[in-house]
Amino acid sequence: ATFRAIQILLTAHFPFPFFFFFPLPFVLPHAQAQAFPSPLSPFHFFLLSHPLFPSFFRLHQHHISSLSLSNLPSPISNSPLRFSPQIRTKMEAVAAAPSPSPQPHFPHDAAAAAASPKPYKKSLVTSLMEAATLRTPSFKEDNYLVSNLKPSDKKALQELQDKLSAAAGGPCSMWGIDLLSSDDKATVILLKFLRARDFKVPESLSMLEKCLAWRKEFGADSVVEEDLGFKQLEGVVAYMQGFDREGHPVCYNAYGVFKDKEMYEKVFGDEEKLQRFLRWRVQVLERGINLLHFKPGGVNSIIQVTDMKDMPKRELRVASNHILSLFQDNYPEMVARKIFINVPWYFSVLYSMFSPFLTQRTKSKFVISKEGNVAETLYKFIRPEDVPVQYGGLSRSGDLHNDPPKPASEFAIKGGEKVNIQIEGIEAGATITWDIVVGGWELEYSAEFVPNAEGSYTIAVEKQRKVNASEEAIHNSYTAREAGKMVLSVDNSASRRRKVAAYRYFVRKSAMV
């Protein structure tokens, strides 16, 4: 009934057959199909069978298989989907109806700006895709301060603590934290389970007990130290790298490598391999959780970045369901924000259509970025020096073993504009090393050294060339024979699109006096 109501509302806004426009990637698992007693349109099948559907609609640990609409006394009010009150009221009415279906200088090139292409009209699909993009990071993580809780929530917390103490037959710990103590860290963990179940104590306690049993059986506390034989996947498929602007550890997920059938068979060829992969994936998450503070007002969750480029949806269905089930059941409220990058156009359109039905808090947890907007999206939440080079940042895997990355300077290049970055004060014999990147590139780049002395010739360190969209950050160095300045030029004159960029440099003076 919930989805029928959504279908009716969407049909009213989109008279053309939207529900037969999207392809069916694969068939629903048997348990999910049985949960819906009435026939589903291809649109419904697409949503429910897509690997990322649970990421949108299982925020509060509700399982798709539990959506037995025939058993719900009030389909809309008891739906696990979190709708705003206004939309919920409208949907109740619709559902009740009969069933139809350094201080650098940035000189502005006036001539190039004058030649900037004229604005163009946006298509319907483009408008919908842009509507799916989160423009303002409005989500604020829970601070887990007991003093800020409502009286009813404080009562639920105390009740959970009492019931857990009564039910525990021995030590009760998680991530090295004794849950039976009155420590702030234990309080944070208990609040996560309570929030995951809307502060319903019986359900929260059941979830917590099942999680403790799973961790003991799985050996989750020791999995971080195990060698599971997935060295080839580290830094490629799932890995922790850097922090966001608020200090959250960032976990990157990119499953496009499994488009290669040989690699897929090597990792998921049989049940034993699948279970080992799941164990490795839990290991990656546990490493990220070990970086959390678990204290009120601290950093108590991570950021998930999922790259959907070349993701083989059909092949990864089983693994995706296992991973989502494990994480939803045993790691409640551990993700502050989920960022999807390189998202196919149809996924963006789907999200833009459904976003009006979700609460503001739910929408603020998700960021949808279409292909070509990766760097611009990630820069909103993560500093360029912490963004991997393959996503338009300056962070390379080898940098992780060194000191903290040197901060980068950020700037933007408008369409039809040329920017010159002038690094002055370079002495004779000094070596300057620089990194520079522009999100999406597709523009002209050059680097030259301009001596201070009159009559000296400008040296073309890097001749002007077009940088393709797939290229990573440029890393180069130059040793000056005389005093002068380095000029890095990026020319966006041929484009009408604004692009984000970042650069940084190091100057090492000569040892000779």
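In strand E14 (residues 484-491), the bridge partner of Glu448 is Val487, and Val490 of E14 is the bridge partner of Tyr445. These bridges belong to the antiparallel pairing of E11 with E14, which extends over eight bridges. Two strands pair if DSSP finds at least two bridges between them.

A word on the model before going further. This is a predicted model, where local features need pLDDT of at least 70, side-chain atom pairs count only at pLDDT 80 or more, and totals for chains, interfaces and linings use all residues. Residues are numbered from 1 along each chain as its sequence is written, and side-chain values use heavy atoms, with hydrogens and water left out.

Back to E11, which covers residues 443-451 and also joins strand E12 (residues 459-467) through six bridges, again running antiparallel. Here Phe449 stands opposite Ile459 of E12.

Now look for another open sheet, whose four strands follow the order E8-E15-E10-E13 with antiparallel pairing. Strand E8 (409-413) and strand E13 (474-479) are at the edges, each with a single partner strand, so one side of each has no neighbour in the sheet. In this sheet the twist averages 25 degrees from one strand to the next. E8 runs antiparallel to strand E15 (residues 499-508), and five bridges join the two. Ser409 stands opposite Tyr503 of E15. Helix H16 (residues 374-381) lies across E8, strand E10 (431-438) and E15, at about 70 degrees to E15.

A hairpin is also worth a visit. Strand E3 (residues 238-243) and strand E4 (residues 249-254) run antiparallel and are joined by four bridges. Tyr239 has Tyr252 in E4 as its bridge partner. Five residues lie between E3 and E4 in this hairpin, and Gly247 in the turn has a positive phi of about 95 degrees.

Let us move on to the helices. Two packed helices are described by the angle between their axes and the distance between the axes. For helix H8 (residues 151-167) and helix H10 (residues 201-218), the axes come within 10 Å and cross at roughly 45 degrees. H8 and H10 are therefore oblique to each other, on a scale where angles under 35 degrees count as roughly parallel, over 145 as roughly antiparallel, 65 to 115 as roughly perpendicular and the rest as oblique. In their contact (heavy atoms within 4.5 Å), Ala156, Glu159, Leu160, Lys163, Leu164 and Ala167 of H8 meet Val201, Ser204, Leu205, Leu208 and Glu209 of H10. The residues of this contact divide into seven nonpolar, one polar and three charged. In these classes, Ala, Val, Leu, Ile, Met, Phe, Trp, Tyr, Cys and Pro count as nonpolar, Asp, Glu, Lys and Arg as charged, and the others, Gly among them, as polar.

H10 has a further partner in helix H13 (residues 317-330): their axes come within 9 Å and cross at roughly 120 degrees. That makes H10 oblique to H13. Met207, Lys210, Cys211 and Trp214 of H10 meet Leu326, Gln328, Asp329 and Asn330 of H13, giving four nonpolar, two polar and two charged residues.

Helix H11 (residues 261-268) and H12 pack with their axes 6 Å apart, at an angle of about 85 degrees. They are therefore roughly perpendicular to each other. Glu265, Lys266, Val267 and Phe268 of H11 make the contact with Lys273, Leu274 and Phe277 of H12. By class, this contact of H11 with H12 has four nonpolar, no polar and three charged residues.

How values were computed
Axes fitted to C-alpha atoms, helices over the stretch in contact; angles between N-to-C directions.
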